[in-house]
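Reader: Could you show me how to read pockets in a protein model?

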Amino acid sequence: SQRLVVAVDGPSGSGKSSVSRAIARRLGAAYLDTGAMYRAVAWHCRHQGVLDDPDAVVAAVQDMDLVLSVDPDHERVVVGTDDITEAIREPGISAVVSVVATNRAVRELLVARQRAEIDAHRKIVAEGRDITTVVAPDADARILLTASAEARTARRAAQLGGAVEAKDLAEQVSGRDAKDSTVVDFMTPSDGVGLVDSTELDVEATIEAMLAEITRQQ
Ligand code: C5P
């Protein structure tokens, strides 16, 4: 059947990852979590102790042996011999990921790798902050998934199961958005990008709205 590239961007807590993964399953497509790549780079640079040296960060990324599964039913992130699938989700990584994400040379390396990954699959859902605008502006369907700051903070709280104070949580969500938005604008849809607002939608309704938008754009 036909080739299909779906690009999804959005802020943290928009439900982007779980919804994109579910859509990939339903479409029989591969799933590329580009946030996991930035997280893996952050983990690797911290592990190498080079986070505070931009040139060493770039060198570490060039040497990095990163294996990322694109099977939506099997999330795996491996660097060298270390399986870091769980480690990259830790708050300590979320706190430092913007150090590598704001490094232009790192972004160029990762964008090139993401484009190659997209080209290598007949059907793929790719998700992140700059997929609709930079990585795959010619995708068959492009969607910006948003939600109000309140909804995103509440979802993050539910994910973490009450382990974090409300004010720390709001700071984690809006603080990371603020850092991220210095690199790419993922809050306003660029020309031709469909907007799906999940503030009032549960996961299933969000998936339905996204699938309808994908059909509409094709
Ligand atoms: O999506 P997730 O929250 O896992 O992304 C982690 C971080 O990776 C983001 O906060 C952002 O700094 C960075 N990122 C990015 N560009 C992307 C995807 C993620 O800069 N396409």
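This is a predicted model: local features need pLDDT of at least 70, side-chain atom pairs count only at pLDDT 80 or more; totals for chains, interfaces and linings use all residues.

Reader: What volume does the largest pocket have?

Author: A pocket is an open set of points on a 1 Å grid over the protein atoms alone, where a 1.4 Å probe fits, with protein on both sides within 12 Å along at least five of seven lines; lining residues have an atom within 4 Å of a point. Volume is the space filled by probe spheres set on the points, joined across faces, edges and corners. Here it is about 1,100 Å³.

Reader: Which residues lie nearest the centre of the largest pocket?

Author: Of its 46 lining residues, Ser12, Gly13, Arg39, Arg156 and Arg176 do. Helices are DSSP runs of H or I, at least four residues, numbered from the N terminus. H8 gives the most to this lining, seven residues.

Reader: And what is the volume of the second largest pocket?

Author: About 160 Å³. Its lining includes Arg3, Val5 and Pro137, and helix H5 (residues 104-119) contributes the most, with three residues.

Reader: Why is Ala154 called partly exposed?

Author: The label covers relative accessible areas between buried (under 20%) and exposed (over 50%), with a 1.4 Å probe and protein chains only. Ala154 is partly exposed because its value is 46%. Ala154 sits in helix H7.

How values were computed: Residues are numbered from 1 along each chain as its sequence is written. Side-chain values use heavy atoms; hydrogens and water are left out. Helices (H or I, at least four residues) and strands (E, at least two) are DSSP runs, numbered from the N terminus.
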